[in-house]
Amino acid sequence: MIPRLWVLGLVSFMTLPTLVVIGVSFNPTAILSFPPAGLSLRWYANVITYPQFQRAAVNSLLVTAAATALAMPIGTAAALALARGRLRLRSTWATILLSPLVVPGVAAGLGFLILAASLGLLRSRVVLVMAHAALVLPFVVRSVWVSVESLDPALERAAASLGATPWRVFRRVTLPLLRPGLLTALLFAVIVSLNEFVVSLFISNRVTEILPVAMFTYVVNYTDPTIAALSTLFIASTFVAVWIADRFLGLGGVFLHHR
């Protein structure tokens, strides 16, 4: 009984802020208060029609698509090299590839800002794409690495013994077997890139800013529930994406097979 109460208390503590944001998003008045005084979709309409959010949403999609397209092949190659390559200092390479996970966002943002300024790229999305690719790369490497380690090498050896070339073995055997890890990596890359804020705040301007930065700018200037409505849409889309991945792609199984 007591463990259940602890679990219930922990779940309530973790979900309470989210429930407050969702409740506030339906408040009909222009006040950030909870519980809401009624139910209204007024602030959701404001999210859809606000020009800055529209421009930022397009930027977010472009940056996320480009960063993911860049990180997926690089991260997959790195994971294969770490799992199967004859690398010297393997742990050092792994630490370097996963280091963006532990570098403070402020430090990373400052570094990208100085680099972009020296290269004259502050007005373009190129630096945003590079920064997001670097930030999502550890998630791609980790997800694919786990999947590679769970592969049965006998299947690839069997294909090779039947006369398949190394490229054909990779394309027809290895890649299909890596599909759960690749899809999980893709999911993490998209979610992390879409929600990235700290580094993007340093290297984006009003034209290139992505949605989380536009949300921060809005909060600085306005205090109505619009930002709660947009946050609710973010939470809902992320929840649906993770649920689909877990339901149809076996998201949990990828990690449970880690050795």
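## Overall architecture

The chain holds 13 helices and zero strands, where helices (H or I, at least four residues) and strands (E, at least two) are DSSP runs numbered from the N terminus. This is a predicted model, in which local features need pLDDT of at least 70 and side-chain atom pairs count only at pLDDT 80 or more, while totals for chains, interfaces and linings use all residues. Residues are numbered from 1 along each chain as its sequence is written, and side-chain values use heavy atoms, with hydrogens and water left out.

Along its principal axes, the C-alpha trace of the chain spans about 70 × 60 × 30 Å. Of the 259 residues in the chain, 35% are buried; buried means under 20% relative accessible area, exposed means over 50%, and partly exposed lies in between (1.4 Å probe, protein chains only). Among contacts (heavy atoms within 4.5 Å) with a separation of 6 or more, 70% are made by residues 24 or more positions apart.

## Aromatic pairs

A search of the whole structure finds eight aromatic pairs. Rings of Phe, Tyr and Trp (its six-membered ring) pair if their centres lie within 6.5 Å, and planes under 30 degrees apart count as stacked, over 60 as edge-to-face and the rest as tilted. The pair of Phe53 and Tyr218 is tilted, because the ring centres are 5.4 Å apart and the planes stand at 40°. This pair links distant parts of the chain, since Phe53 belongs to helix α3 (residues 51-84) and Tyr218 to helix α11 (residues 211-221), 165 residues apart. Phe53 is buried at a relative accessible area of 3%, and Tyr218 is buried at 4%. Both residues belong to one aromatic cluster formed by Tyr50, Phe53, Tyr218 and Tyr222.

Phe197 and Phe216 form an aromatic pair that is also tilted, with 5.4 Å from centre to centre and 55° between the planes. Phe197 lies in the loop between α9 (179-195) and α10 (198-203), whereas Phe216 is in helix α11, so the pair ties together parts that are 19 residues apart in sequence. Phe197 is partly exposed, at 25% relative accessibility, and Phe216 is partly exposed as well, at 40%.

A ring also takes part in a contact of another kind: the charged end of Arg142 sits over the ring of Trp145, 5.7 Å from its centre. A charge sits over a ring if NZ of Lys or CZ of Arg is within 6 Å of the ring centre and within 35 degrees of the ring normal.

## Helix α11 and Leu211

The buried residues of α11 are Leu211, Pro212, Val213, Ala214, Met215 and Tyr218, and they pack against α2 (42-49), α3, α9, α10 and α12 (226-248). Leu211, which has its place in helix α11, is buried with a relative accessible area of 11%. Not counting residues up to four places away in sequence, Leu211 touches Phe53, Ala56, Ala57, Ser60, Leu230 and Phe234. From C-alpha to C-alpha, Leu211 and Phe234 are 10.0 Å apart in space, and they are 23 residues apart in sequence.

## The largest pocket

The largest pocket is lined by 19 residues, of which Leu194, Leu211, Leu233, Phe234 and Ser237 lie nearest its centre. The elements that give two or more residues to this lining are α2, α3, α9 and α12, and α12 gives the most, with six residues. On a 1 Å grid over the protein atoms alone, a pocket is an open set of points where a 1.4 Å probe fits, with protein on both sides within 12 Å along at least five of seven lines, and lining residues have an atom within 4 Å of a point.

Thr232 is found in helix α12 and counts as buried at 10% relative accessibility. Leaving aside neighbours within four places in sequence, Thr232 is in contact with Val21, Ile22, Ser25 and Tyr44.

Most residues other than glycine have a negative phi, and most peptide bonds are trans. A cis peptide bond, with omega about 0°, joins Phe34 and Pro35, and Pro35 is found in the loop between α1 (2-25) and α2. Leu89, a residue other than glycine, has a positive phi near 60°; Leu89 is found in the loop between α3 and α4 (90-98), where it is exposed with a relative accessible area of 62%.
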